[in-house]
Amino acid sequence: MSIRHGLLALLEQGPRYGSRLRTEFEARTGGTWPLNIGQVYTTLGRLERDGMVAQDGVDEAARVLYALTDAGRAELRAWFARPVERDSPPRDELAIKLVLAVGAPGVDVRQVVEAQRRHVAQALHEYVRQRAQALGRAPGHPDELARLLVLEQLICHAEAEIRWLDHCEARLLRMTIAREGGD
């Protein structure tokens, strides 16, 4: 996730101070990706160093305001225009857990798969419930539409994970049958 570009996108709407950026980022993403305020200020410092943002005075509470520069606006446009690279997928803890469980003594991989499937099914149920609530409200505000898009992405990921777990279970079953038949 690009906190850097997320902050640039929020600053395009006008000058903001750090904690407001954090609050708006979390609202826009539906609280799915909470930010540490230290992350926000560290990122703002780097963006300032790189010429993407500049301090723009202080507000009535003496909080430093940051504004997007022309260089920041150009970087934001370039980011929106670039596809997200998929050539080096992120490490997935579940995939790592399953591949290591396969050779681990005393571990029933099918139980690991089933425990994960139950967990993901519960999460999927909750995402679907939240989406139904969101759809019950007219998504007129950009934050509401953004929240709906995030929920739908979470639903798609959970459904895909369940399909992958089904595939893993079927592969394990075929291997067990082949091993037993080969004895």
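This is a predicted model: local features need pLDDT of at least 70, side-chain atom pairs count only at pLDDT 80 or more; totals for chains, interfaces and linings use all residues.
**Ground rules.** I number residues from 1 along each chain as its sequence is written. Local features need pLDDT of at least 70 and side-chain atom pairs count only at pLDDT 80 or more, while totals for chains, interfaces and linings use all residues, and side-chain values use heavy atoms, with hydrogens and water left out.

**H1 and H2.** I took helices as DSSP runs (H or I, at least four residues), numbered from the N terminus. I looked up H1 (residues 3-11) and H2 (residues 18-28): their axes come within 10 Å and cross at roughly 100 degrees. Axes here are lines fitted to C-alpha atoms over the stretch in contact, with angles from 0 to 180 degrees between N-to-C directions. H1 and H2 are therefore roughly perpendicular (65 to 115 degrees). For contacts (heavy atoms within 4.5 Å), I found Gly6, Leu7, Leu10 and Leu11 of H1 meeting Leu21, Glu24 and Phe25 of H2.

**H5 and H6.** Next I checked H5 (residues 93-103) against H6 (residues 109-136); these axes come within 9 Å and cross at roughly 160 degrees. That pair is therefore roughly antiparallel (over 145 degrees). On the H5 side I noted Leu94, Lys97, Leu98, Ala101 and Val102, and on the H6 side Val109, Val112, Val113 and Gln116.

**H6 by itself.** How far apart are the end C-alpha atoms of H6? They are 40 Å apart, which agrees with the 40 Å that its 28 residues should span at 1.5 Å a residue. I listed its buried residues (under 20% relative accessible area, 1.4 Å probe, protein chains only), among them Arg117, Val120 and Leu124. The buried residues of H6 pack against H5 and H7 (142-181).

Notes. Helices (H or I, at least four residues) and strands (E, at least two) are DSSP runs, numbered from the N terminus. Angles under 35 degrees count as roughly parallel, over 145 as roughly antiparallel, 65 to 115 as roughly perpendicular and the rest as oblique. The expected span of a helix is 1.5 Å times one less than its number of residues. Buried means under 20% relative accessible area, exposed over 50%, partly exposed in between (1.4 Å probe, protein chains only).
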